[in-house]
Amino acid sequence: MFTKFFSVLCIFTATVLSSNVASAAEVKFDQARAYLPMKGGRATASYVELKNETAKEAKIEVVSAEGFKAAEMHETFETDGKMGMRKIENLTLKSQASDSLVPGGKHIMLFDPTRDFKDGDTISITLKVNNTARKVAFKMVPRVSKESEPHH
Amino acid sequence: MSDSTLPKKPLLSPLTQITLISLVLASLTIGVIYSYLNREPKLGGGIDLIYRDQPWSLADHASPLTLFYVGYAKCPDVCPMTLSHVAGAYKKLSEDEAKKVQVLFLSVDFAHDTAADVANYAAQFHPSFIGLTGSETAINDTVDRFGVSYILEKDPKSYLGYSISHTDRVLILDRRGAVLESISSPRSSDAILFPLKGYL
């Protein structure tokens, strides 16, 4: 009796765990990069390409960023000829939908670095995908490259 | 024969009259041209702000052309994106062309951006870029004169606690600070370079 109960419990636990892992794993994060913080500024921004390959809607939230005191999702908007920013709590991706966090659009703001970074470093930003924590590696890149064009 | 029948001799010879009229016309023309060249620009004008805790004036640092951008140093998205494009355009200029262009960045965040913050911030895009700040009054006078604007908004939900909405325009100024061209939200260095080249 105990063996049977234990087997059912194991199967149930494995099913729950695997469904959560699969759900998180199937939202893909590509080209994740964060700009190196600049002297004189307390905030920098990071960007990423998102694709929800799951069969259900995915809600994505920003929790924290390693090496920064705070991290938030923001979006840039234009009103009356002025560019502004506002915090957004999350973004939602429909099944099989894609979205991009890009300069001038939605982005992850990183506040008050707690250590120095250099070009090529990687930081871990913790996100929540449907309430499941997920760490995503973001590569640190300079604002202005040695070439003429900025990184995007 | 009486004196009245004698032809009157003109006071000035015809040559002298023509010379005088020419001089008057030339003076008037020069006066008009001088007034035109020194008129107050409809948009733009002087810039008197602070650079690294010292007074900084466009009149003292006149350059044939100036690229002027208004934002704030703690802006994480729009300002660095546009300043990156300005830097990209500047780097594409030849050495001789670059000598004729200076780049100014004005932070309107007088409450949070120190003179050192703004100067250091601007210089990271290119060592020659000048980051300016000033008193609230001086900043507001300047942005009004150049037809740009900003709004400081509290944002208690955000870690920073505030946000500044501002115009996203790169202005091309002549030596006196008159606005020659206003480039709205440039999203590439070429969007700045091509109009700039037209004035070089």
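## A parallel pair in chain B

Phe68(B) stands opposite Leu104(B), which belongs to E4(B). The two strands here, E3 (residues 65-71) and E4 (residues 101-107) of chain B, run parallel and are joined by seven bridges. Strands (E, at least two residues) and helices (H or I, at least four) are DSSP runs, numbered from the N terminus, and two strands count as paired if DSSP finds at least two bridges between them.

A word on ground rules: this is a predicted model, where local features need pLDDT of at least 70 and side-chain atom pairs count only at pLDDT 80 or more, while totals for chains, interfaces and linings use all residues. Residues are numbered from 1 along each chain as its sequence is written, chains are lettered from A and ligands numbered from 1 in the order in which they are written, and side-chain values use heavy atoms, with hydrogens and water left out.

## The chain B sheet and its helices

Zooming out, chain B has an open sheet of five strands in the order E5-E4-E3-E8-E9, with mixed pairing. Strands E5 (130-132) and E9 (179-184) of chain B sit at the edges with a single partner strand each, so one side of each has no neighbour in the sheet. On average, neighbouring strands of this sheet are turned by 25° against each other, direction ignored.

Helix H2 (residues 78-92) of chain B lies across E3, E4 and strand E8 (169-173) of that chain, and runs at about 165° to E3(B). Helix H6 (residues 190-197) of chain B also packs on the sheet, touching E3, E4, E8 and E9 of chain B, and its direction makes about 160° with that of E9(B). For these angles, axes are lines fitted to C-alpha atoms, for helices over the stretch in contact, and the angles run from 0 to 180 degrees between N-to-C directions.

## Around His126(B)

His126(B) has its place in the loop between helix H4 (115-123) and E5 of chain B. Its side chain makes a polar contact with the side chain of Ser128(B), at 2.8 Å. A polar contact is a pair of N or O atoms within 3.5 Å; within protein, one must be able to donate a hydrogen and the other to accept it, and residues adjacent in sequence count only if both atoms are side-chain atoms. Leaving aside neighbours within four places in sequence, His126(B) is in contact (heavy atoms within 4.5 Å) with Tyr90(B) and Lys91(B).

## Strands of chain A

Over in chain A, E1 (residues 27-35) and E10 (residues 132-141) pair in the parallel sense over three bridges, with Met140(A) as the bridge partner of Ala34(A). Strand E9 (residues 122-129) of chain A pairs with E10(A) too, antiparallel and over eight bridges; here Leu127(A) stands opposite Arg134(A). The hairpin of E9(A) and E10(A) has two residues between the strands, and Asn130(A) takes a positive phi near 50° there.

## Where the chains meet

In the interface, 39 residues of chain A are in contact with 37 of chain B. Together the chains bury about 2900 Å², 58% of it on carbon and sulfur atoms; buried area is the accessible area (1.4 Å probe) that two parts lose on being put together, summed over both. Met38(A), Lys82(A) and Met83(A) supply 21% of the area that chain A buries against chain B, more than any other three residues.

There are 13 residue pairs in polar contact between the chains, both residues at pLDDT 80 or more.
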